[in-house]
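Subject: Handover of a structure and the findings on it

Dear colleague,

Please find below the sequence and the structure that I am passing on to you. My notes on the findings follow directly after it.

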Amino acid sequence: MDPFGILYTDLYQLTMGQVYFRLGLHEREALFEAFYRKNPDYGAHQAGYTVFAGLDPLLSWMEEARFGEEELAALRALKSRSGKPLFGEDYLRYLKAMGGFSGLTLRALPEGRVAHPQVPLISVEGPLLQAQLLETALLNRINYETLIATKASRMREAAGEALVLEFGLRRAPAKGGEAATRASLIGGANRSSAVSLSHLLGLPSSGTHAHSMVQAFLALGHTEEEAFQAFAEVFPDDTILLLDTVDTLDSGLPHAIRVFERLRRKGHKPVGVRIDSGDLAYLAIQVARELDKAGFPETLIVLSGDLDELVIWQIKSQIQEEAPRYGVDPDRLLKRLVYGVGTRMVVSWGYPALGGVYKLVAIRENGTWAPAMKISDSLEKVLNPGHKKVYRVYDHRGLATADLLATFDEEVCENQPLCLRHPTDPTKRRTLHPGEFTLEPLLEEAYRGKRLFPPLPLEVLQERRRRDVERLDPGVRRLVNPHVYHVSLTERLFALKEELVTRLGQG
């Protein structure tokens, strides 16, 4: 049995399914929405947005997941506390006949796009039992990949135009390394060290060598320079040398330069050096100065070692301030830097879980959608009910100014005044007038019994992220204390929410 097949779920999805089956509700049309409640807060810094990822693996999984004999045997083995079978044979026969998720329709935010709290990422419509069984697998995929794509986008913002390499496979959560690599590349990393995943995504993998290669040569009585020379002879056109096994400036750098000079005499161009420890900004300045003196002004300098967006930002600031003291042009130096980011990207350092949720928002009753509601003492947990449409609102500058939730059957137009209501505070609203804004529908149909488009090239997803981030207000893009992006309701949806809150409160 495939451990990542249709039983890759929580038990309570299956027990709820049997309740629906017993009551004859299992084929009642239902509508669920997946969304998250707040942006990542890393402690010293915060995200003003997320980057949606994980949709494509979910769609592929949905097409393949089925209740076969092995899965049914596993369910038959489950017993109640009295020792009786937990699941009835009639229920299991239904699951086998149902197969998988052929009855569901998914509308989703296109993968790679910027997302915001409380805004549906995926809308799932179809038989209640099938829609319920999808919850765990859906959240498992989109929560983690969205979290990592968001972290990678922040690394990209901090690095500017410099290359960002993902080095995190050794620190990723087991098979989650696959998702981490994919999400990192969607979010803005240029390359990854992961060989199989890079190949499957159509990219060459990137990497240098580890300290262990130099250590092995030293332990056998050879020198650091001989280790570098051996690497250069095997990979003369791909030579990047790690400088800090012994001493970055007094050993690694002079040895690397001598090897580079031999490569140049043989007609090869050295690619770069890597620094993995110490004061990376100061060392980068000194390394750049010596490489320039030796006639290697274009040789790359790869920085690695517990980097994240704030560390990259600090490195760049220190270089801008300190490099001129040593006769090094800071702007030229910044253009030759490459950032190798590992642990802090693939574990979303400082904020390890997105906390996305999957909630029932409507159910068919007498041919119409009856809105479903969840009341909570926490205002942010009070659902926005009903079948909905989602728009992104752009202002006169062409920048995103709000995401707007509307009831599915209402018409939202650019040629009429648009009132944006705060989701929970009745005193907060603003009105936009025709000519001041444009609207973009966000959710697109992605699955109707089967996926509706093949896996998209990575560059398409990367370009979506780039375009969306460029259309955010600079305040929302800040790495620290970002401006809060507005998520709003139309007047009609706000009134529906208020009505249900009042009705349920009286019940």
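A cavity is a set of grid points where a 1.4 Å probe fits but cannot get out. Please keep in mind throughout that this is a predicted model.

Enclosed spaces

A search of the whole structure for cavities of 30 Å³ or more finds 2. The largest cavity has a volume of about 60 Å³. Its lining consists of Glu33, Phe35, Gln118, Pro120, Val382, Leu383, Asn384, Lys388 and Leu405. By class, these lining residues are 5 nonpolar, 2 polar and 2 charged.

The second largest cavity holds about 30 Å³ of space. Leu109, Val114, Ala115, His116, Val119, Pro120, Leu121, Arg392, Asp403, Leu442 and Leu443 form the lining of this second cavity. Here the division is 8 nonpolar, 1 polar and 2 charged residues.

The largest pocket contains about 900 Å³ of space. It is lined by 29 residues, of which Pro57, Arg141, Glu145, Glu178 and Ala179 are the closest to its centre. Five helices are to be named here: H2, H6, H7, H8 (195-200) and H16 (458-470) each supply at least two residues of this lining. The largest share, 7 residues, comes from H6. The lining of the largest pocket comprises 17 nonpolar, 5 polar and 7 charged residues.

The second largest pocket has about 620 Å³ of space. Of the 29 residues that line this pocket, His422, Val484, Tyr485, His486 and Val487 are the closest to its centre. Strands S16 (418-421), S17 (429-432) and S20 (486-489) are the elements that give two or more residues to its lining. S20 provides the largest share, 3 residues. The lining of the second largest pocket divides into 10 nonpolar, 12 polar and 7 charged residues.

The nonpolar cores

Which residues touch the most other members of the largest nonpolar core? They are Leu95, Ile122, Leu134 and Ile301, in a core of 128 residues. Helix H6 (residues 135-159) gives the largest share of this core, namely 12 residues. A second, separate core has 11 residues, among them Tyr391, Leu404, Val412 and Leu420.

Leaving aside residues up to four places away in sequence, Leu134 touches Leu58, Trp61, Met62, Phe101, Leu104, Leu106, Val124 and Tyr358. Among these contacts, Leu58, Trp61 and Met62 are also listed with the buried residues of helix H2 (residues 55-64), together with Leu55, Asp56 and Leu59. The cover over the buried residues of H2 includes S3, S5, H6, helix H7 (176-187) and strand S19 (444-448).

Strand S5 and its partners

Strand S5 (residues 122-127) is mostly covered, with 5 of its 6 residues buried. Strand S1 (residues 29-35) pairs with S5 in the antiparallel sense over 6 bridges, and Ala30 stands opposite Gly126 in S5. Strand S3 (residues 105-108) is also antiparallel to S5, over 4 bridges; in this pairing Thr105 stands opposite Glu125.

A parallel sheet and Val341

The structure also has an open sheet of 6 strands with parallel pairing, in the order S7-S6-S11-S10-S9-S8. Its edge strands are S7 (191-192) and S8 (240-242), each of which pairs on one side only. Strand S6 (residues 163-166) and S7 pair in the parallel sense over 2 bridges, and Leu165 stands opposite Arg191 in S7.

Val341 is found in strand S11 (residues 337-341). Why does Val341 count as buried? Its relative accessibility is 0%, and the cut-off for buried is under 20%. Not counting residues up to four places away in sequence, Val341 touches Met155, Val164, Leu165, Glu166, Phe167, Gly168, Leu307 and Ile312. By contrast, the C-alpha atoms of Val341 and Tyr94 are separated by 48 Å, and these two residues lie 247 residues apart along the chain.

With kind regards

Terms used
Residues numbered from 1 in each chain as written. Predicted model: local features only at pLDDT ≥ 70, side-chain atom pairs only at ≥ 80, totals over all residues. Heavy atoms only, no water. 1 Å grid on protein atoms, 1.4 Å probe; cavity = no way out; pocket = protein on both sides within 12 Å on 5 of 7 lines; lining within 4 Å. Points joined across faces, edges and corners; volume = space filled by probe spheres on them. Nonpolar A, V, L, I, M, F, W, Y, C, P; charged D, E, K, R; others polar. Core = buried A, V, L, I, M, F, W, Y, C linked by side-chain atoms within 4.5 Å. Buried < 20%, exposed > 50% of the residue type's maximum accessible area, 1.4 Å probe, protein only. Contact = heavy atoms within 4.5 Å. Pairing = 2+ DSSP bridges.
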